[in-house]
Amino acid sequence: MSRAVYPGTFDPVTYGHIDIIVRAAQQFEHVTMGVLRNSAKTPLFSTEERVKILEEVTKDIPNVSVTSFDGLSVDFARLSHARVIIRGLRAVTDFEYELQMAQTNRVLAPDVDTMFLTTSLSYAYLSSTTVREVAFLHEDVSKFVPPYVAERLQEKIEDLERKRRESGLLSDNK
């Protein structure tokens, strides 16, 4: 059985990620989405929230599952019985970093390959960081993320702003 993993932060998952997920699911019998638990980052959504969001947006893709992990992607691949790590590339700027990671992973785990999928041109500009910035400015993110994700983003931002107002860190004018 051909299996692959697609690890990432997915904070939040975008249409660019979904493009890669769908295409990977067409290439492999099973794709395990790995939501990275990274103590060096402070994501907007908790690991559990990101897993739930990914489960919702991939629920109609039968050969995709979602789980969380920490540590190295190659260890996650081995635990998932996968021999391929999927990585998405948006632009040349992604390539250098991703190539370095793929080469490092190859040294750590010669039995695990990295497959790069280029994001469709319609999503090449898109990043989770951009989506969060637009959402925090209370602009429409519906062109960047599925409706379920947009709703979760709005709820999360409203909750954060309410907490900041209650603590005196944010005025009522936002």
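In this report, two residues are in contact when they have heavy atoms within 4.5 Å of each other. The structure is a predicted model, in which local features need pLDDT of at least 70 and side-chain atom pairs count only at pLDDT 80 or more, while totals for chains, interfaces and linings use all residues. Residues are numbered from 1 along each chain as its sequence is written, and side-chain values use heavy atoms, with hydrogens and water left out.

## The sheet

Helices (H or I, at least four residues) and strands (E, at least two) are DSSP runs, numbered from the N terminus. Two strands are said to pair if DSSP finds at least two bridges between them. On these terms the model holds an open sheet of five strands, in the order E3-E2-E1-E4-E5, with parallel pairing. Strand E3 (64-69) and strand E5 (113-118) form the edges, each pairing on one side only. From one strand to the next, the twist averages 30 degrees.

Strand E1 (residues 3-8) pairs with strand E2 (residues 30-36) in the parallel sense, over six bridges. Within this pairing, arginine 3 has histidine 30 of E2 as its bridge partner, and proline 7 has glycine 34 of E2. E2 also runs parallel to E3, to which six bridges join it. There, leucine 36 stands opposite phenylalanine 69 in E3. The chain crosses from E2 through H2 to E3 in a right-handed β-α-β crossover. A crossover is right-handed if, with the strands pointing away from the viewer, the path from the first strand over the helix to the second runs clockwise. E1, helix H1 (residues 15-27) and E2 likewise make a right-handed β-α-β unit.

How enclosed is E2 by the rest of the structure? Seven of the seven residues of E2 are buried, so the strand is largely enclosed by the rest of the structure. In a regular strand the side chains alternate between the two faces of the sheet. Both faces of E2 are covered, with His30, Thr32, Gly34 and Leu36 buried on one side and Val31, Met33 and Val35 buried on the other.

## Packing of H2 against H6

Two packed helices are described by the angle between their axes and the distance between the axes. Axes are lines fitted to C-alpha atoms, for helices over the stretch in contact, and angles run from 0 to 180 degrees between N-to-C directions. Helix H2 (residues 47-57) and helix H6 (residues 147-166) pack at an angle of about 155 degrees, with their axes 10 Å apart. H2 is therefore roughly antiparallel to H6, since angles under 35 degrees count as roughly parallel, over 145 as roughly antiparallel, 65 to 115 as roughly perpendicular and the rest as oblique.

On the H2 side, the contact involves Glu49, Lys52, Ile53, Glu56 and Val57, which meet Tyr148, Val149, Arg152 and Lys156 in H6. These residues divide into four nonpolar, no polar and five charged. Ala, Val, Leu, Ile, Met, Phe, Trp, Tyr, Cys and Pro count as nonpolar, Asp, Glu, Lys and Arg as charged, and the others, Gly among them, as polar.

Glutamate 48 also lies in H2. The C-alpha atoms of glutamate 48 and serine 68, 20 residues apart along the chain, are separated by 7.9 Å.

## Loops and backbone features

The peptide bond from aspartate 11 to proline 12 is cis, with omega near 0 degrees. Proline 12 is found in the loop between E1 and H1.

Histidine 81, in the loop between helix H3 (73-79) and strand E4 (84-89), has a positive phi of about 60 degrees although it is not a glycine. Histidine 138, in the loop between H5 and H6, also has a positive phi, near 60 degrees.

Alanine 124 occupies the loop between E5 and helix H5 (128-136). Leaving aside its neighbours within four places in sequence, alanine 124 is in contact with Arg90 and Thr119. The C-alpha atoms of alanine 124 and arginine 90 are separated by 4.7 Å, although the two residues are 34 residues apart along the chain.

| Residue | Relative accessibility | Class |
|---|---|---|
| Alanine 124 | 22% | partly exposed |
| Histidine 138 | 42% | partly exposed |
| Glutamate 48 | 58% | exposed |
| Histidine 81 | 63% | exposed |

Technical notes
Buried < 20%, exposed > 50% of the residue type's maximum accessible area, 1.4 Å probe, protein only.
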